[in-house]
Amino acid sequence: MSVKPQDLNWETLGFGYINTGKSFRAYYKDGKWDGGQVVEANTITISEASPAVHLGQQCFEGLKAYRTKDGSVNLFRVDENAKRLARSADQVMLPPYPEDAFVEAVKEIVRANEEWIPPYGTGATLYIRPFLIGVGDIVGVSPASEALFGIYVTPVGAYFKGGLQPAPFMVSEYDRAAPRGTGSAKVGGNYASSFKAGKEAQVHNFADSIFLDPATHTKIEEVGAANFFAITEDDVFVTPKSPSILPSITKYSLLHLAEHVLGLETFEGDVFIDQLDHYKEAGAMGTAAVITPIGSITQGDKKHVFYSETEVGPLTRALYDELTGIQFGEKEGPEGWIQKVEF
Ligand SMILES: *Cc1c(COP(=O)(O)O)cnc(C)c1O
């Protein structure tokens, strides 16, 4: 461990890996999980024949710990991450990690890394990355009988340093997942297969690529590794629905806040790429990006600008303020959304 928490500048911190020195590990063998423990290592040793290495038999989660004004530490809907990891595990035939043990492991590793939780007011957070991988000696194409559940944490800076900024996106020619494939599971193969699309977008000076539905290529599905929303001219919050979209916890939270706090109508359904002029605002949603306002979407030689390429729309900003207000403990959220880490 080279960097120490006191060496970091929380205001300028980016989204890179910093080794905090403490991680969580649990093993599954002979049909059961061990109790798991905090280890002082950021490496793992597994068989070179592990299916996670060759066959992509793995899945993961991403969430954050938020330091609040009174110094306490919030987790946002961690029980939903526990459930989603179990669903992803099922999709690739990994043994699920028990949901209550998942929540306890997250709390334990956050406690063990207390000094790495960024202070309130900097916008920085402690990113938490649970993962579940198939391990053991497997030569053929078949699932592992052993598994490793791990968690690493790393402090990350505010996504937007100078406040919310709209970004330009381009429609990709590639698909990220098959119509009846693994798109709704947080499994590694979906991401390796999206790298080329992301690179192509960057080369053309876009923030990221937009994926259309893999069956008809007429509807928006995902924005890079985030979900999509748009606001219609008459104030309806719209987000795509499809079996190949990853069900974002941020998305379901914003659907709730849009309806119950902002009083908007909401709709989960088709968002056709040739009907973008029905929408006055748009954004990408996920734990890492929080809400990224979408300034424009380009497809081939057609470019659609939403609210503005430089200014954030008022409803996008209101949604952002509600969500981050709850996460950082400035606003009361719905029952059960926040769990405190007790020290
Ligand atoms: C993780 C992820 C999201 C965001 O999910 P959250 O639960 O909101 O963090 C959206 N799309 C993809 C493809 C993802 O992997």
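Colleague: How do the residues of the lining of the largest pocket divide into nonpolar, polar and charged?

Modeller: They divide into 21 nonpolar, 15 polar and 7 charged, where Ala, Val, Leu, Ile, Met, Phe, Trp, Tyr, Cys and Pro count as nonpolar, Asp, Glu, Lys and Arg as charged, and the others, Gly among them, as polar. This is a predicted model, in which local features need pLDDT of at least 70 and side-chain atom pairs count only at pLDDT 80 or more, while totals for chains, interfaces and linings use all residues. Residues are numbered from 1 along each chain as its sequence is written, and side-chain values use heavy atoms, with hydrogens and water left out.

Colleague: What makes a space a pocket, and what makes it a cavity?

Modeller: On a 1 Å grid over the protein atoms alone, a pocket is an open set of points with protein on both sides within 12 Å along at least five of seven lines, whereas a cavity is a set where a 1.4 Å probe fits but cannot get out; lining residues have an atom within 4 Å of a point. The largest pocket holds about 1100 Å³ of space, a volume being the space filled by probe spheres set on the points, which are joined across faces, edges and corners. Its lining has 43 residues, and Asp208, Gly224, Ala225, Ala226 and Ala288 lie nearest its centre.

Colleague: Which space does the ligand take?

Modeller: The ligand takes the space of the largest pocket, and a molecule is said to sit in a pocket if more than half of its atoms lie within 2 Å of the grid points.

Colleague: Which residues line the largest cavity?

Modeller: Among them are Leu63, Tyr66, Ile249, Thr250 and Gln327. The largest cavity contains about 90 Å³ of space, and its lining has 4 nonpolar, 4 polar and 1 charged residues.
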